[in-house]
Amino acid sequence: MAQTQINIDGMHCHACEMRIQVALEDLEGVSKAEANHESGLAEVEYDESKVSLDDMKKAIEDEGFKLA
């Protein structure tokens with residue numbers, strides 16, 4: 001299991017955090033995702049053989065957020 005942090009612009013509230021967490025956890029291979037609007041970070045645990053960092057970034061952007 002790998003871990004990464006993704007910097008995200010545009011998170012302003014708990015609802016933003018939840019949208020990102022759900023989008024990431026819906027990806028096959030992501031076991032856990034936690035987003036924090038105060039730090040602007042999403043921390044993700046994932047299986048590198050099933051999902052890539054690019055897949056995760058695309059899921060975040062598809063929710064309307066920009067990567068920092």
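Which residue in S3 is the bridge partner of Glu 34? The bridge partner of Glu 34 in S3 is Glu 43.

## Basis of the model

This is a predicted model, in which local features need pLDDT of at least 70 and side-chain atom pairs count only at pLDDT 80 or more, while totals for chains, interfaces and linings use all residues. Residues are numbered from 1 along each chain as its sequence is written, and side-chain values use heavy atoms, with hydrogens and water left out.

## Strand pairing

Helices (H or I, at least four residues) and strands (E, at least two) are DSSP runs numbered from the N terminus, and two strands pair if DSSP finds at least two bridges between them. S2 and S3 run antiparallel and are joined by six bridges; together they form a hairpin with four residues between them, and Gly 40 in the turn has a positive phi of about 75°. S3 is also joined by six bridges to S1, again in an antiparallel arrangement, with Tyr 46 of S3 as the bridge partner of Ala 2.

## Lys 32 on strand S2

Lys 32 lies in strand S2 and, at 38% relative accessibility, counts as partly exposed, a class that falls between buried (under 20% relative accessible area) and exposed (over 50%), with a 1.4 Å probe and protein chains only. Leaving aside neighbours within four places in sequence, Lys 32 is in contact (heavy atoms within 4.5 Å) with Glu 25, Glu 43, Val 44 and Glu 45.

The side chain of Lys 32 also makes a polar contact with the side chain of Glu 34, at 3.2 Å; such a contact is a pair of N or O atoms within 3.5 Å, and within protein one must be able to donate a hydrogen and the other to accept it, residues adjacent in sequence counting only if both atoms are side-chain atoms.

Helix H2 spans residues 53-62, and its buried residues are Met 56, Ala 59 and Ile 60. Seen down the axis of H2, these buried residues fall within an arc of 100° (taken from the directions from the helix axis to the C-beta atoms), so they line one face of the helix. The face turned away from this buried side carries the exposed residues Asp 54 and Asp 62. Among the elements that cover the buried residues of H2 are strand S1 (2-9) and helix H1 (14-25).

The largest nonpolar core has 17 residues, of which Ile 8, Ile 20, Leu 24 and Met 56 touch the most other members; a nonpolar core is a set of buried Ala, Val, Leu, Ile, Met, Phe, Trp, Tyr and Cys residues joined through side-chain atoms within 4.5 Å. S1, H1, S2, S3 and H2 each supply at least two residues of this core.
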